Amino acid sequence: MVVRCMEGVEMWGSRLRSGGLLTVALALTVSACATDAAGDYFAAMGAVNETYAMHVSDVGGVGPESSPEDLRVFFAARSAALDSALGDLSAIAPPDDYATPHNQFVEGLSHFAELSAAIAAESFNLESSADVVSLALHPDYGIKPSNAAEAAVVDACNALQGLADDGGVGGVDLACEELS
């Protein structure tokens, strides 16, 4: 990215002699580079989110009426998808303007991944439908804390989407609603 941006500066610098015109050209190039960086960042974020959503949608859903085996399969698959998404996100360096909301999104996703892994581990203790219902109502591993963690991830994603929209970064769709 920096090389491409600097090539633009060199191209204009060789053609423009006036200090004022060079400053304008440099400002336009830096502005375009910042937009490119934000666009690249949001495109990478969107790809990670879409991949995660695709993996989870392939598994389906679970609830209190699910069998113990259904829960084991679902939470193992969701945990693997979350771990993969977190790995992919660690390779994305956000532009400075987006670092704080990016970190909040990653922290929320990490918390959700930890909760999902804990539920996956708990699912191996289930033997009956009554055990599934008990887990669904559990104050730490149940539906309520899981939904809250998931909602926090979607909210953090929506905050990033709002920054992209407000910042004029075109064509950004982080697929936030597909994360739940």
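Where does Ala175 sit relative to helix H6? I found Ala175 in the segment after helix H6 (143-166); helices here are DSSP runs of H or I, at least four residues, numbered from the N terminus.

Ground rules first. I'm on a predicted model, where local features need pLDDT of at least 70 and side-chain atom pairs count only at pLDDT 80 or more, while totals for chains, interfaces and linings use all residues. Residues are numbered from 1 along each chain as its sequence is written, and side-chain values use heavy atoms, with hydrogens and water left out.

Back to Ala175. I looked up its phi: near 55°, positive in a residue other than glycine. Most residues other than glycine have a negative phi. Ala175 is also buried, at 5% relative accessibility (buried is under 20% relative accessible area, exposed over 50%, partly exposed in between; 1.4 Å probe, protein chains only).

Next, salt bridges (a side-chain nitrogen of Lys or Arg within 4 Å of a carboxyl oxygen of Asp or Glu). My search of the whole structure turned up 1. It joins Arg72 and Glu69, N to O at 3.2 Å. Both lie in helix H3 (residues 68-90), 3 residues apart, about one turn of the helix. Arg72 is buried at 18%, whereas Glu69 is partly exposed at 44%.

Then Glu150, in helix H6.

Conventions:
Helices (H or I, at least four residues) and strands (E, at least two) are DSSP runs, numbered from the N terminus.
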